[in-house]
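Work through these exercises with the sequence and the model at hand. Try each task before reading its solution.

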Amino acid sequence: MSINLISTENLTFCFNGLEVLSNISFAVKKGDYVGIVGPNGSGKSTLVKNILGILQPQKGSISLFGQPLSSFREWNKIGYLPQKLNALNTYFPGKVEEIVQLGLRNKNAQNLEQVLQLMGIKHLSSRLIGELSYGEQQRVMLAHALVNRPELLVFDEPTTALDPETRDIFYSLTEELNRAHGTTIILITHDIGVIGKYARNFLYLDKKVIFAGTFEDFCTSPDMTGLFGPMSQHIICHQHDALESNP
Amino acid sequence: MIGLGEIFKYEFVQRALLAGVLIAAISSVLGVFLVLRRLSLIGDGLAHITFGSVAVVLLIGFSPLYVTVAALPLVMLSSLAILQLTRYKRIHGDAAIGIISSVGIAVGIILASFSGGYNVDLLSYLFGNILTVNQTELLLSFIVFIVVVGTVIFFYNDLFAVTFDEELAKSMGIKTKRINIILLLLTAVAAVLAMKVTGIMLVSALLIIPPLTALQLSFSFKTTIIISAAISIFSVINGIIFSFLLNLPAGGTIVIFNVAFFLVIFGAKKILRFQR
């Protein structure tokens, strides 16, 4: 039986007195590929930030890799790509190589070379990150998340600034990492089609869990037909089925 | 006029140069992290608090030999108060600095009035005089220099990550709260020491201008720190020598050298960019 890499119990988070997350309970198993969807302000990023210890919930419990979050120390097992970088400004003097290396906890130089190559940014390694385009910066941050070869990858809207070609490369890479290496992936996106194509399970969030489960459950759920409409539900399920039958 | 070679024979000049170099290095290295985190004004805030703290220390009756050391705990506590205030969602960092620094100045003015107005001792701290650095302050500068260099080397990755993006740093398991406390406490100590070099009025110049100049030349994070320290040390040495030779106030001369470096490098960069 595969273990839960993440589990939350009755997680509640408030901001300025308003409840942003309400009694969220869900689990992610090792090797899973979970998509998180929901409208703007539904708490997707907030949920992930609570799980990663960036924000502190008012109520509930979180465990990572079977340990309570408060005593969890194996952060090198997790790679995270935030939605936007708060401090990134055009004059930040960090070289691409320095920033990717920051994620490298085991100091394995081979990993660094490989990930720079993989993300197509080896030629940029000596450039300052502030000098790059947003799309290039996004690739640098992807490399930062991947460089340590983590067991759990958390992506918060990872492809917003990527061109279609790089976006496809990115999703293929996540799929390969998940299928071939067993890397657990959590993907937040507004693109439900992508979720349908790549994720095995998904969580529909709107301050609380509206749906959590497999695509099979989703596709046969009359509640979801009511929520998404029959056409959208059909498209999502069709994309998922096509991928499953032709991996 | 005294010759250049003669200057270095004076023991107080040697002490001033040594302390100046150490304090310049401390301030400019910490300044890189502060400027990049948009906390530049914290130097000004802590300097104002230093004014209040010095007034308290002088009123208590500490010997001028130990004023710097005695003012340290109050300034360090105030830096933690700034950090605590910024935790409240509706108080931004600059506003928190504003509140605490106003308290520092207000306390200084009130306490100065108790001792019959702005006495000479308190005014001397406002404008500073590196040439009056004593052995205790030199020793303190050396200890703080070792602590700052050691901290930056030991916590380099953590400091880099927190400066780059605090949330990302948290997700990497970095204790960002601890790093922020360390950075602010060291900055508080640097502000108290820098008071001796430039005076309370110009403390923030040592924290802000060398990093800003270094940012114009930087090609990596590490080189930014090294260039910032080099520029600051060079400005302090030149400032002390020229102030002595031309009988000018040392603090002001040091800051003018720092500004001159910034303008030359900033201007040269603009011209080069225009020519391309």
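The model is predicted.

**Exercise 1. Strand 1 of chain A and its partners**

Task: Find which residue in strand 4 of chain A is the bridge partner of A:I6. Then work out how strand 1 of chain A pairs with strands 4 and 2.

Solution: 
- Step 1. Start at A:I6: its bridge partner in strand 4 of chain A is A:L64.
- Step 2. Widen the view to the whole pair. Strand 4 covers residues 59-64 of chain A, and it runs antiparallel to strand 1 over five bridges.
- Step 3. Turn to strand 2 of chain A, where A:F26 stands opposite A:T8. Strand 1 (residues 4-15) and strand 2 (residues 18-29) of chain A are also antiparallel, with eight bridges.
- Step 4. Look at the link. Two residues separate strand 1 and strand 2 of chain A in a hairpin. In its turn, A:N16 has a positive phi of about 50°.

**Exercise 2. A second hairpin in chain A**

Task: In the hairpin of strands 9 and 10 of chain A, which residue takes a positive phi?

Solution: 
- Step 1. Locate the strands: strand 9 spans residues 201-205 of chain A and strand 10 spans residues 209-214. Five bridges join them in the antiparallel sense.
- Step 2. Pick out one bridge: A:L205 is partnered by A:V209 in strand 10 of chain A.
- Step 3. Go to the three residues between the strands; A:K207 takes a positive phi near 70°.

**Exercise 3. Helix 1 of chain A**

Task: Explain why helix 1 of chain A counts as largely enclosed by the rest of the structure.

Solution: 
- Step 1. Apply the cut-off: buried means under 20% relative accessible area.
- Step 2. List the buried residues of helix 1 of chain A: A:K44, A:S45, A:T46, A:L47, A:V48, A:N50 and A:I51.
- Step 3. Compare with the length. The helix (residues 44-51) has eight residues and seven are buried, so it is largely enclosed.
- Step 4. Step just past helix 1 of chain A: A:G53 has a positive phi of about 80°.

Methods:
Residues are numbered from 1 along each chain as its sequence is written. Chains are lettered from A and ligands numbered from 1 in the order in which they are written. This is a predicted model: local features need pLDDT of at least 70, side-chain atom pairs count only at pLDDT 80 or more; totals for chains, interfaces and linings use all residues. Side-chain values use heavy atoms; hydrogens and water are left out. Two strands pair if DSSP finds at least two bridges between them. Helices (H or I, at least four residues) and strands (E, at least two) are DSSP runs, numbered from the N terminus. Buried means under 20% relative accessible area, exposed over 50%, partly exposed in between (1.4 Å probe, protein chains only).
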